[in-house]
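Welcome, and take a moment to look over the sequence and the model.

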Amino acid sequence: MTSGWSNIISVIHTAVLIITVFGSARLIRKGKKVLITVFFTFAMVSFLLSGLYWIAYDLLRPETRMPFAANEIGECAGFLLLAAVVSAMNDCNKGVDENSGLPQKSQSAMKETIFSVLFTISNVALWIAWSGEWLEDIIVGGAFGYLLCVAVRALKQRNILTNKEWFICGGACISLVVVQTISFFVSQRTHTALDIACFTLLAVGMLYFIVRVIKALKNGDTAKPFCLSVAGFSWVIIAMYMNSGILYMIALSVNALMMILLLLSLRKEVMAS
Amino acid sequence: MIYAENILICIAVPLFISLIFVKGNARQFVASFLVGMGVCLISAYISGFTGLVSGLDENNTAIFISPVIEETLKFLPLLYILAIFAPENDTLLLCSLGIGAGFATFENCCHILAAGAESLTYILIRGLAVGVMHIVSMIMLAMGMAVIRHIRAVSVSGIIGALALSMMFHALYNLLVSEQGISSYIGYVLPIVTAILLYIPYRKFPNKS
């Protein structure tokens, strides 16, 4: 039953990705910020290939476990290419200093970057403890961590979050890691309760980012939506990797929604240029 | 059991001799073709060894290990050319084509010698699928590298991302053709469709960097 639902949601997710790929390919034809739109299309193609691989494997070898999750290569490609989009966009949006004529110095995001590196390392340690596949988890964690750092730096440099919001985000991340670590040492019943508590926290975060992106899109803001949607996308990935079964499927459905928001916010930023 | 090294020597020697007499683009192409064949042999060694060490059978090695090793090894000479010679876009694409074509040719030669060449239909499918797949993945990679190389902020993540994308494409192809039936037909068509789609940006791609 769960497998049937899982397949349906995977197919819907893939269908959304196909739409996103076509949408971003149409953006390339507009001829604005071509490099950024090309990277974005490639990132979406990577996620699409990863999704197709997963479905094909499920259909062709339903009873066999992958000895090495080859579809995660596609996810790594997607993370790195999406990080390239954010970096390139950040570079494009740097203004020029009126006095010196040199590019403006960006606000330092050192603390936030260090925090996101530590958060990624903690997550990778948890993934290894859950799955035991240390090499895969380190590779995926490296690519995901890079995306997270780039997204956090962009959020800081564009002044998108207030100090209070940064504080709440940091608190949520620490709580997640601490609660998930505790869940290794408690009974099964308490473990389930802690898992649900963590997912509730992750769900609140996902909802928060979705609302912020939609609000920013409605307000006609061009600089904020894309950074917020990349940050939201990263949060959804954490939710996906931290859960299994029905909770994973919920996170996968939200991921499909985030893909659409990513495309819409990129479209807004590209068209405004 | 085939003697892949002997086959390589047999095919490579005339090409190697021809290197002395050809010049310009033709020489670059022939040299890349030879490199592609060498890379194919080395990747077969490494894939076989990795499969053996990880305890996977031949089929699973082809599905899970080979795409990663083959794409990485095809990428390395291209990276070397890019880093040392800093060529123009057209030269980079030519070299990538040569490496891809050399790799596919040598792989097909070994496969035909091992499995037989009685069925023309199978040989045609094999040629059009594997042959095109290696060329397509190399062109994707070279185009990505040509675009990305001048943008410092994205060069590393972009190039590794493009490499991972070509691995994923290769892995999906290997998975689809690993089982008989409709999935294998989709797998055989995948490289040709991608080649047609890729031809549009390839035609418009600037020759100079």
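## Helices that meet in chain B

In chain B, Lys74(B), Pro77(B), Leu78(B), Ile81(B) and Leu82(B) of H3(B) meet Leu92(B), Cys95(B), Ser96(B), Ile99(B), Gly100(B) and Phe103(B) of H4(B). Here two residues are in contact if their C-beta atoms, placed from the backbone, lie within 7 Å. Helices (H or I, at least four residues) and strands (E, at least two) are DSSP runs, numbered from the N terminus. The residues of this contact between H3(B) and H4(B) divide into eight nonpolar, two polar and one charged. In that count, Ala, Val, Leu, Ile, Met, Phe, Trp, Tyr, Cys and Pro are nonpolar, Asp, Glu, Lys and Arg are charged, and the others, Gly among them, are polar.

Before going further, please note that this is a predicted model, in which local features need pLDDT of at least 70, side-chain atom pairs count only at pLDDT 80 or more, and totals for chains, interfaces and linings use all residues. Residues are numbered from 1 along each chain as its sequence is written, while chains are lettered from A and ligands numbered from 1 in the order in which they are written.

How do the axes run? Two packed helices are described by the angle between their axes and the distance between the axes. The axes are lines fitted to C-alpha atoms, for helices over the stretch in contact, and angles run from 0 to 180 degrees between N-to-C directions.

| Helix pair | Axes come within | Crossing angle |
|---|---|---|
| H2(B) and H4(B) | 6 Å | roughly 45° |
| H3(B) and H6(B) | 8 Å | roughly 145° |
| H3(B) and H4(B) | 10 Å | roughly 155° |

The angle between H3(B) and H4(B) makes them roughly antiparallel, whereas H2(B) and H4(B) are oblique to each other. For these words, angles under 35 degrees count as roughly parallel, over 145 as roughly antiparallel, 65 to 115 as roughly perpendicular and the rest as oblique. The crossing of H3(B) and H4(B) is right-handed, the crossing of H3(B) and H6(B) is right-handed, and H2(B) passes H4(B) in a right-handed crossing. A crossing is left-handed if the near helix is turned anticlockwise from the far one by less than a right angle, and right-handed if clockwise.

Who makes the contact between H2(B) and H4(B)? Among the residues are Phe29(B), Phe33(B) and Met37(B) of H2(B), together with Leu94(B), Phe103(B) and Phe106(B) of H4(B). This contact divides into 14 nonpolar, nine polar and one charged residue.

H3(B) meets H6(B) through residues that include Ala62(B), Ile63(B) and Phe75(B) on H3(B), and Leu163(B), Met167(B) and His170(B) on H6(B). Nine nonpolar, four polar and two charged residues make up that contact.

## Where the chains touch

Across the two chains, 28 residues of chain A are in contact with 24 residues of chain B. On the chain A side, helix H2 (34-60) and helix H3 (71-92) each supply at least two residues, and H2(A) gives the most, with 13 residues. That side of chain A divides into 23 nonpolar, four polar and one charged residue.

## A few single residues

Is Pro225(A) buried or exposed? With 28 C-beta neighbours inside 10 Å, Pro225(A) counts as buried (a residue is buried if 20 or more other C-beta atoms lie within 10 Å of its own, exposed if 12 or fewer, and partly exposed in between, with C-beta atoms placed from the backbone). Pro225(A) is found in helix H8 (residues 224-242) of chain A. Leaving aside residues up to four places away in sequence, Pro225(A) touches Val213(A), Ala216(A), Leu217(A), Ser265(A) and Lys268(A).

Lys30(A) lies in the loop between helix H1 (2-29) and H2 of chain A and is partly exposed, with 13 other C-beta atoms within 10 Å. Lys30(A) and Met271(A) are 241 residues apart in sequence, and 8.5 Å apart in space from C-alpha to C-alpha.

Asn159(A) is not a glycine, although its phi is positive, at about 55°. Asn159(A) is exposed, with 10 other C-beta atoms within 10 Å.

## Confidence

Chain B averages a pLDDT of 86, and 94% of its residues score at least 70; pLDDT is the predictor's confidence in each residue, from 0 to 100. The model scores ipTM 0.84 and pTM 0.88.
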